[in-house]
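Please find below a short note on the model under review.

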Amino acid sequence: MIVVRRFLHAYVEGGPKGLCAAIYRKVTKPLRRSRASAADGGSPLAAGGADVVVQDKAVASVHPFDLQYGTDTSGLITGEELVSGMWNDLWNTAYYGISPSGFNQMFEALDLKWGRFAFVDMGSGKGRALLLASRFPFRRIVGVEIAAELSKAAKANIERFSAPWQRCREIEVRTGDAAEFAYPAGPLVLFFYQPFLAPVLKRCLKNLARSLAVEPREVYVVYVNPVFERLMARVPRLARQWERTFAYSDEDLNADRLGARGDRVVVYRHLPRTNRHLP
């Protein structure tokens, strides 16, 4: 089942070419392991064990953010491990907390009158983005997470978190399907840190379009690592504002176990017709 799931993900993300590449990697993996083992004198570690060691480091590594604030937002949890019993478990990506330095830069660049907006993290995981968002004086902060164990961890993190820079303390996590989430009234900032693949994102955006039809309002969408950016065109009057890449700080570079050096971000804005000239 895991193999089928990975092939489906490869097709959704890369189309037929992505699927063919995934099948090729799967078929040739034993041969590559055998060659690596022979080159290293038969060492089991070289014959595929190195991947396991890297993954263990990713899972076990504690980010400096958690060390400083006593929270638990670290680790890598694969999509296969995130089970809720709902249909869209198949399309979960993985949990991996966002870089604090990248998050702070992208929201400083957004530069809004924060008190007008509620912040909503779609696929909030253990809640690191929720805690980072509290640096800004949002009207309220809401996380939506389908995996009950991650939602439970996020609630515990919110309870224990305290920082001198925190400017919003109205933070909550809702356990449920992001595609069926009832968006709060009033202006919103929606945050997508690539939490799921296209089938779920499509439903999320349809739900957002319905919400905006009922209550036209100002909405910003912050889409990090926007693999399925083409789907944003499905929301009427959601206009692309800017795209930037934000480099990680040295601290985040040292803590990262996925080989990333920064986050590519695209920001969209929705305005109701009557408020087209809002600043």
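The points below take the aromatic pairs and then the charged surface in turn.

1. The model is predicted, and the comments that follow should be read as describing a computed structure. It holds 23 aromatic pairs. One of them joins Trp-114 and Phe-138 in an edge-to-face arrangement, with 5.2 Å centre to centre and 70 degrees between the planes.

2. The pair of Trp-114 and Phe-138 links distant parts of the chain, its members being 24 residues apart. Trp-114 sits in the loop between helix H4 (100–110) and strand E3 (118–122), while Phe-138 belongs to the loop between helix H5 (128–133) and strand E4 (140–145). Both residues, Trp-114 and Phe-138, are buried.

3. A further edge-to-face pair is formed by Phe-181 and Tyr-183, at 5.3 Å centre to centre and with 80 degrees between the planes. Phe-181 counts as buried because its relative accessibility is 7%, under the 20% limit. Tyr-183, at 10% relative accessibility, likewise counts as buried.

4. Trp-114 and Phe-138 also belong to one aromatic cluster, together with Phe-103, Phe-107, Phe-119, Phe-136 and Phe-191.

5. On the surface, Lys-202, Lys-206, Arg-210, Arg-230 and Arg-234 gather in a patch of positive charge. Lys-206 lies in helix H7, which spans residues 198–214. With a relative accessible area of 49%, Lys-206 is partly exposed, since exposed residues must have over 50%.

Definitions and conventions: Residues are numbered from 1 along each chain as its sequence is written. This is a predicted model: local features need pLDDT of at least 70, side-chain atom pairs count only at pLDDT 80 or more; totals for chains, interfaces and linings use all residues. Side-chain values use heavy atoms; hydrogens and water are left out. Patches are made of residues with over 30% relative accessible area and no salt bridge: like charges are joined within 9 Å, nonpolar side chains (Val, Leu, Ile, Met, Phe, Trp, Tyr) within 5 Å. Accessible areas come from the Shrake-Rupley method with a 1.4 Å probe; for residues, only the protein chains shown count as cover. A salt bridge is a side-chain nitrogen of Lys or Arg within 4 Å of a carboxyl oxygen of Asp or Glu. Lys and Arg count as positive and Asp and Glu as negative; His and the chain ends are not counted. The place of a charge is taken as NZ of Lys, CZ of Arg, CG of Asp or CD of Glu. Helices (H or I, at least four residues) and strands (E, at least two) are DSSP runs, numbered from the N terminus. Buried means under 20% relative accessible area, exposed over 50%, partly exposed in between (1.4 Å probe, protein chains only). Rings of Phe, Tyr and Trp (its six-membered ring) pair if their centres lie within 6.5 Å; planes under 30 degrees apart count as stacked, over 60 as edge-to-face and the rest as tilted.
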